[in-house]
Structure formats: C-alpha cells, structure tokens
Amino acid sequence: MEGLVENGFLMKGVSKNLPFHEYFVMHDLMHELSRSVSAQECLNISDLDFRAEAIPQSIRHLSITIENRYDEKFREEMGKLKGRIDIVNLRTLLIFREYEERIIEILKDTFKEIKGLRILFIAVKSLESLPQSFSKLIHLQYLQIRSPYETEMTLPNTLSRFYHLKFLDLSGWYGSSNLPKDISRLVNLRDFLAEEELHSNVPEVGKLKYLHELKEFHVKKETVGFNLRELGELRELGGTLSIHNLENVATKEEASGAKLVLKRDLKELTLVWGREQRTDVDADILDALQPHSNLTTLGIINHGGTTCPRWLCPEIRVNNLETLHLHGVSWGTLPPFGQPPCLRELSLKSISGLRQFGPDYGGVRGKCLLQLKKVVFYDLSDLVQWVVEPNCHMSPGLDSIDCRNCPNLCVMPFSECSCTSLSMLCIGSCPKLSLPPMPHTSTLTCLAVENGSETLSYDGKRLVVSKYAGALAFHNLGEVEDVCIRDESHISWTYLKKLKSLRKLAVTRCDSLFSGEMDGSVVFHNMNIETLSVDVSHLTRKLLSKVFNSCPALGELEIHSSLEDQEERVLQFPSSSSLQTLRFYMSKGLVLVPAEDGGGIQDITSLKTLRIDGCGKLFSRWPMGEAGGAPMTNPFPASLRKLYIREESSMRSMALLSNLTSLTHLSLIHCANLTVDGFNPLITVNLKGLEVWNSGGNSPAEVLLSEVARTKLMHAGSFQLDRLNVDSISAVLVAPICTHLSATLHELSFFDDERAIGFTEEQENAFQLLTSLEKLGFYRCKVLQSRPQGLHRLSSLKELVVNSCPELRWLPEQGFPTSLQALHLWFGSAEQKQQAEKLKETYPDLHVHYHH
C-alpha cells in the first residue's frame, strides 16, 4: 500500500466522522485511466438503469453497488446479463451493499452457475443469501463476507473447503463468533481480517503456517488445538498478538513452544494471566515467553510471579520498545524504564509497593526518559512521589500524563525544567497531590482535575470550574472563550477581566464573584461577553443590575435559580440593553413588573427570542384590567419573533401576548390556567411554528383555533404555519383550518389528546386537505384506536410517529402512501410490536423502527 502511495497511484485521507480512521483514494485522472484500460474486462453496475446489451462479452470482473430498491427492468437486465457474459468463468464478483429479499433472489438466480471465482465480496442477511454454488467455489483466493448487526447467523461450514484461500475478510461480520471446526484446513491462508473473538476461536491454528497476524490466542486446558505450541508453528506471524489465560500453561517448556523470540515481524505483544496465579511457575513461564528484540509494544497483565523476567531486568533486551504496559504485577524490582532509547509510552496500573517513581526506582538514574511522550498511572495505592534528578530536564517531550486513583501521591514534576511540553493532563482521585496554578504552561490545552465534587476542566477554548480549591493561572487562559463557574469562593470579576477572548459565561452559586468590587467600574468592553447564564438565588436586584451593566455587548442571557424555594424578586434590566435572546429557567420567585415599577423587559426593543421555563410566578404581579381582562400594559416588547412558555401557571390570559403581531414561533406548553381571554388573532398571521398543549388539563388550543377560524383572517394565504403541535385533534381537523394550512403545513403532531377515539367523517375529509404534510405524529393519545383511514392518499407524507398510544392499531386497511419512508413506534404494547414486525414483512422498503 505504501508503495502505491509513494508512486502516486493512491492518496491517503483521514475520515472526518471517524477520527484516526485512514482511507485511500485514487486520483481522478488515474481512476479514468484505469477504467479506460480495464473497460473490456471490468464492469461496475451502480444503478438500476444499466443495459446488458451495452456490456462487453469479455467481462471477467464484476462489481455491484446499486441502491436498495427494486424494479422489474432490473430483473430483466440481469437475466440478459447472465446470457451475455460467461458467468461460469467469472473471476471477480463484488457485491458492496445489503439488499432486500427480492434483489437477493435476482442475484442468486443470476450467479447460480459461477464456479471459477477467485474473489468474492458479499453481504448476507442469512445463509440463504449466499450464491447457490457457494460451496463449489474451490478456487477462491479472496473472500469477504459481511452480515447485519444483532444477528446470530453462523458462518457457513463449507468455508473450510476453500483450500486455495489466501485472504479471508470477516471485519464486517457481526454474527456468531463460532468458526467451522475444521477451519484450520485453510493451510494457504495468509491474511485473516476479523475481530479478536474470531481470531481466538481458531482451533489448531498452527496448521495455518503462513498466517501473517493472529490478534488473540486463548490457552485452553481441556480443548485440543489451543496449546502454546500452536503459535510456534506460525513462523511468519507479525502485527499484533494478545495471549490470554496464561495461567493454563503448565510448564516452562510449553511456554517455550510458542517460539516468540523467533517472531521478528511481531510488533505488539500482550501477555495476560487470569485470577489463578502461581508465583514460582508464572515466573518461569514469563521468562520463557521472551519476544524478539524488534518488538515495539509490550503489555504484561496480572502476572503472578514476584520477580521481573530476566529479559526485562536488570537489562531490557527488547531494546526497540516504544510502549510498555505493566498492569497488576507484584515484582520486587521494576524494569529500568530509562534504558530503552525509544520508549514513548509507559503505563503502570494496579502495582502495589511502588512508592517512588524516579531515579531511585525502576533503574532510571542517569536517564531522563528523553523520548517519553505519555505516562499513565492508575490505581497505584502506595505511590508517594515522582521525583526528578537535579539538573535533569526530565522528559522534555512529555505530552500526556494520566494519573488516577493514587491516594497517597503528593509530588509530581511540574517545575519549569520538567514537563514543559505537556499538552494533556488528567488527575483523578489524588487528594494529596499539590498542583501549581493551572494550567501551569501555555502548551497545556487539555486539562481535567477531579477529586470528589471538586472539578476543573479546560480544552483550550472552554473552562469549567466547580468547587475547585486550587489556583488558576489566568495568564495562560488567554484563548478561553467559554467559562462555566460553580460554587467558587475565590474567583472575582477582576480575574475574569483578564480573559480577553471570553464570549460566553455561566455562573452558579458564586457569592464572592458579586462582591463589593461590583461598583460599576468593572465593564467588559474588551471581552465582549455575548452570552451570560447567571444564578439569581443569592443576588440582590441592585447587584444583578450591575452585572448586566458590566456586559454592554450582551446578546443572550439566561437567568436561573439553583434553589427550589426562594423569596420573590424583581429583575431590573438596563434600558440600553442589546439583548436578543432571553431565558428564564426554574426561577421560582422571579416576577415581572412594569418598567415604571423598576423592572420589566417590555422596553428591550432588541429582544427577538424569549424562553420562560418552569418559573411559576412570573406574571403573578402583572397589572390586568377589570375582571382579569386586557393588561394595563403588555409585558413583552413587540419586537419578539419567538416566544416559548412552559409550565407557567401564573399565565392566565392570552391578552398578555396581544401586541406580539410579529411572532414567527409560539409555544405554550403546560400552562394549566391559560385562557383565550383577550386573544388577538393577529398574532397568528406570521407564525411558522405553533405549539399549544397541556397534559391532563384544560387546553386553549381548540378555542384558539376556533377564534382564528371566525375572524376575517381566514382568507387564502392567511396562514404560514409549517409546524403545528396541539393537544386536540378536533381543533385542527376542521375544513376552514385545514384549507388554509394546505399549502404550508409540513409537520403536524397531536399531544395528550385523551378524548379522541377515532376520526369522524368530517375530520377524515378535513385531513385530506393537508396535501403538503410530510410528518405526522401521535404522542400519548391514550384512547385513540385508529389512524385516519385516508392516510394512503397523502402523497407527500414521509414519516409517521406513534409514541405511547397503547390502543392505536398500526395495520392500515388501505395501506400506506408510497411516499412514506419511515414508521416509528415508541413505547408500544406487545400487540403493537407484533404489528410492527408484520409491517416489516409487508412493506420491505419501509423503515419500521420499534423503540422500547
């Protein structure tokens, strides 16, 4: 592969969706050239519109990448293809996708006579998906089989017949990990791509003497073919090898039979013992498992011996080691870590007796671990300090330290001459460790410190501090844009002013932050804080006003409370506020009063979005007219475009919204006492999204929509609604409403309608008027038994959702519209689950999802 890249045939890329996942692509010009040169022998069928008569009869290599759909023309053309090319002597067949049953039958019929294949790629849903002549493909040299997730399908027993097979690719196999018992008959196999579990299930693997890699091998006492001597026969073994259950090895001679010292191509080796440990025997066995000096990665886990193997102590003979993992060992002396010239990663876990890491432990005196990049310390209960020799710039290239659950650790090398290139530091459950102000260098851009409820995290752009008692190095936090502070007593606004890049700030339970220095002199002109989230539990109205005045560029504000019960408070906003988004969240004592009373938000003419969630008393003091009629003044500025109110029991009248004629989105959810008194139909003119529903109580949805229907607004083009969520089926499914929603409504959902059992004829007719509907949902409609019977006539419908509607029958009498792509059932009954399974069989092209 590297040769192809170096010579320009392929280019290497890295996936954006899968970090560190490399792939290779061919340059466009090279691709066109290769297609031109191979056009008489190679063919790719990539769509259903291919025509067999245009295909050269000399084709020997065929790939199929069609979409998972079917039409009759495809069957006809595949029949013609079977007669046009020499199927019997086809050399390559690559099927790259999974298909529904009808296409599988076509492919099986087309290729039932193949016998001369050398290369086969195939995705199967069951063993019946394999070509009929699969067991006769004795000339195969390269085989790839893929299967769907969550299947118990077993590999075909005939797999072991392919004597000439050199490459077996099961990396996409998600079925049973059981292999045919005689799989070792594949004596010419060189490459076996599969998960570790499949590798570990190969009996008598020593017969596969040309095998290049065996990821995992389990020593088994009672099972024939799983003795370490099997590994000794694999002379070309390389790559990665993990040997498990070494407690089952009885003698040093048996361990020597693995012949690891002869495997010069082996790069990574892990030796794993189980819980049963035998001190003297295990020591001899580990000595006999000495690897070749070319090894770059070594792991030893749960070894029961008390001494380090002679090939690691007193001298490390595996001198090309780059990574060393020692887990659960109890050696009196550890290897000389400073000796391997290339050691980059060191991991020590669950090692008792290790009190000091440094010049007096592990043989590192005179060596400063110059190449070390990463250190991991886990569960080292006796470790007290990591010391550095005087005048030693220890590990100048050290990039990462991960230290957790070391309860007695007091000292780590954070001085100016050590760890100067550190970029990642993770400290967890090390209560005695004293840290310098963090981050201690400007290179440290990934930081996590955790000790019980005390946490500090930093990723270069975001800083989160909660009950952290240590100091912060604000001079190294110049690039921070987002800060979240909780329960802190030693951080002030003056410190925050040093963060020149700060744009987003969240503060919870930090009394000292709002101290006497908040006299108006601290104004963050240079920082431009745009988003602020603040807990008002302990703030006075005056202090909070000063906080707002300190952030003149504020565009988004969230006000919340961390206390369930708090005294009533009124907020005062600056008259020159530039706020565009405001949210009140769970502030139980918060109330709004008119501006002349020292509060209110009605004069913030820049405000575009307002969210009110779970406050409860927000409108309790707002002055209303006689008998609770229209308000004396409106509480919200007319500039609002989006208004979301949830669980606000103090909102009793729609008159509070009468001036909001520019709204594009309105959401009124669980406002139990809300009525349509004073409702102004003009607020619906520009709406694109409307939600009005109330679980288990009275809902104004039906009256609201009826009021709209009775006004002069109901003319062509009067509604712009794209999304409508209500709790009353009867409120929506009337002809006047549906007629004017016909052109724009794409999403309709019904929530908590506990009255509707089915659909009347009038409602069925109104439903047919919704010709633009793409998504339909029913949520918690407990007594609803049937869906609209004319559902199949909605040619635009793509998605149907049913959530917690136990009585609803899915199976339609008239079928579904051909446009429907997905059907979701959430928290359904056992009967509904059976219906879902039946729908999968009846509509194979429909994505049916059943969610528990």
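How do the residues lining the largest cavity divide into nonpolar, polar and charged? There are 10 nonpolar, one polar and three charged. The classes are set like this: Ala, Val, Leu, Ile, Met, Phe, Trp, Tyr, Cys and Pro are nonpolar, Asp, Glu, Lys and Arg are charged, and the others, Gly among them, are polar.

Some ground rules. This is a predicted model, where local features need pLDDT of at least 70 and side-chain atom pairs count only at pLDDT 80 or more, while totals for chains, interfaces and linings use all residues. Residues are numbered from 1 along each chain as its sequence is written, and side-chain values use heavy atoms, with hydrogens and water left out.

Back to the cavity. On a 1 Å grid over the protein atoms alone, a cavity is a set of points where a 1.4 Å probe fits but cannot get out; a pocket is an open set with protein on both sides within 12 Å along at least five of seven lines; lining residues have an atom within 4 Å of a point. Points join across faces, edges and corners, and a volume is the space filled by probe spheres set on the points.

The count is four cavities of 30 Å³ or more. The largest cavity has a volume of about 120 Å³. Its lining has 14 residues, with Ile95, Ile104, Leu107, Ile122 and Ser129 nearest the centre. H4 gives the largest share of that lining, three residues. Helices (H or I, at least four residues) and strands (E, at least two) are DSSP runs, numbered from the N terminus.

H4 spans residues 101-110, and its buried residues are Ile103, Ile104, Ile106, Leu107, Lys108 and Thr110. Buried means under 20% relative accessible area, exposed over 50%, partly exposed in between, with a 1.4 Å probe and protein chains only. Those buried H4 residues pack against S4, helix H3 (72-84) and S5, where contact means heavy atoms within 4.5 Å.

Now the largest pocket. It holds about 830 Å³ of space. Of its 22 lining residues, His31, Ser34, Arg35, Asn44 and Ser63 lie nearest the centre. Helix H2 (28-37) and strands S3 (42-45), S4 (61-64) and S5 (92-95) each supply at least two lining residues. By class, that lining has 13 nonpolar, eight polar and one charged residues.

Next, the core. A nonpolar core is a set of buried Ala, Val, Leu, Ile, Met, Phe, Trp, Tyr and Cys residues joined through side-chain atoms within 4.5 Å. The largest has 234 residues, and Leu228, Ile243, Phe573, Phe584, Phe636 and Leu657 touch the most other members. Another core, of five residues, lies apart from it, with Trp693 and Phe751 among them.

Take Ile243, in strand S11 (residues 239-244). Its relative accessible area is 0%, so Ile243 is buried. Beyond four places in sequence, its contacts include Phe217, Leu228 and Leu271.

Finally, the backbone. Most residues other than glycine have a negative phi, and most peptide bonds are trans. Which peptide bonds are cis here? One is Cys313 to Pro314, with omega near 0°. Another is Met438 to Pro439, with omega near -10°.

Asp752 has a positive phi of about 55°. Asp752 sits in the loop between strand S36 (747-751) and helix H14 (761-767), and is buried at 8%. Ser804 also has a positive phi, near 55°. Ser804 counts as buried because its relative accessibility is 16%.
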